[in-house]
Amino acid sequence: METTSVKVDLQKFMENIIIIGTGCAGFTAGIYAARANLNPLILEGKQPGGQLTTTSEVENFPGFPEGIDGFMLMDNLRKQALKFGARIKHALVNSVIFGEGKKTLKLGDESIEAKAVIIATGAAPRLLGIPGEQEMYGGKGVTTCATCDGAFYRNMDVVVVGGGDSACEEALFLTRFCSSVTILHRRDQFRASKIMAQRVLEHPKIKVLWETKPEKIIPGEDGKAKSVMISGTKDGKTSEVFCKGIFVAIGHIPNTECFKDELDLDENGYLLPLKGSNVLTKIPGVYIAGDCADHVYRQAITASGMGCQAAIEAERWLAE
Ligand code: NAP
């Protein structure tokens, strides 16, 4: 991806608008804010381009009848934002102080100020919290990204945990490399869309173990995953599934920790909008967009839509 070096005079300058996050919501907000001559600064965190950069094919983003690679889609959004003058800076926001006029973002030792802020920090993969998961996370068998790690499991047996679109997508992607893919799902039907579920159920390399959940990941002599102990969610029966890779695809946790003292969050940590809106917050000039605030739709296109709404709201508020 193209990167830019942005020099911001932190002491003397107050930004018009800072957008936190470079997923679909953040970049779309950036495109709109830049085209409105607001000279936006977009802060890019740990995962440049957001979750879509770890997706293989995006088939449902309007305008791409043949589908588009997730990384390419995000790179296109980035280029579009840069083309209209948005600036991108790598920075992690540690904490915020939101006043009606001045919004202060603390980035490590430095801080940066803006009149308006759009929060588009997305969400991070949820983990199982079972023994062995942390110990073998990363290079030792446990992962949350088939696109990133699938090729390491060529000709091996793997397990995917979950029953949503992500789990189905991961499982289908893994059939390109792996000898077999076993899905562990805690219920007796998928949460995934019908089309994805059907593709999974019809795939000769994929087996589904319904009403099961992983209890423990067991290492082999090399310290890497050897098998998963599972139990039946209804009958409690335990068994061991031998596999080299465990792909966890059980949803996400919103990246909202640093806003919890300033904004309203729901019980799962999603940022709450003002009643009657989906991007306004209780603080004028602070807006929310995308997966950090949306636990219902969670689509690339809805995140982009919220980013657009947030930027238009910010533009109007700044004009006032
Ligand atoms: P999701 O829809 O929330 O599904 C999470 C799955 O994990 C559910 O099946 C859930 O089981 C299971 N689960 C949750 N916690 C668990 C635990 N502790 N142990 C075992 N299983 C657990 O999440 P997602 O699949 O990441 O999808 C998120 C959103 O993105 C959805 O709106 C989806 O449609 C969208 N998406 C779209 C595409 C696409 O269109 N190409 C691809 C990926 C995602 P239950 O079913 O029992 O709750």
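**The ligand and its surroundings**

Guide: In the side chain of E169, an N or O atom is 3.1 Å from a nitrogen atom of the ligand; a polar contact here is a pair of N or O atoms within 3.5 Å, where within protein one must be able to donate a hydrogen and the other to accept it, and residues adjacent in sequence count only if both atoms are side-chain atoms. The protein covers 80% of the 910 Å² of accessible area that the ligand has on its own (Shrake-Rupley method, 1.4 Å probe; for residues, only the protein chains shown count as cover). The model is predicted: local features need pLDDT of at least 70, side-chain atom pairs count only at pLDDT 80 or more, and totals for chains, interfaces and linings use all residues. Residues are numbered from 1 along each chain as its sequence is written, and side-chain values use heavy atoms, with hydrogens and water left out.

Two further side chains approach oxygen atoms of the ligand. For R191, a polar side-chain atom lies 2.7 Å from an oxygen atom of the ligand. For Q299, an N or O atom of the side chain is 3.2 Å from an oxygen atom of the ligand. The ligand is surrounded by 19 residues, and D165, S166, R186, R187 and R191 are the closest (a residue is near if one of its heavy atoms lies within 4 Å). This shell divides into 4 nonpolar, 9 polar and 6 charged residues (Ala, Val, Leu, Ile, Met, Phe, Trp, Tyr, Cys and Pro count as nonpolar, Asp, Glu, Lys and Arg as charged, and the others, Gly among them, as polar). Helix α4, residues 165-174, gives the most to the shell, with 3 residues (helices are DSSP runs of H or I of at least four residues, strands runs of E of at least two, numbered from the N terminus).

In the loop between β2 (41-44) and β3 (57-58) one finds T53. A polar atom of the T53 side chain lies 2.6 Å from the backbone oxygen of G50. T53 counts as buried because its relative accessible area is 17% (buried means under 20%, exposed over 50%, partly exposed in between, with a 1.4 Å probe and protein chains only). G49 is also placed in the loop between β2 and β3, and G49 is buried at 1% relative accessibility.
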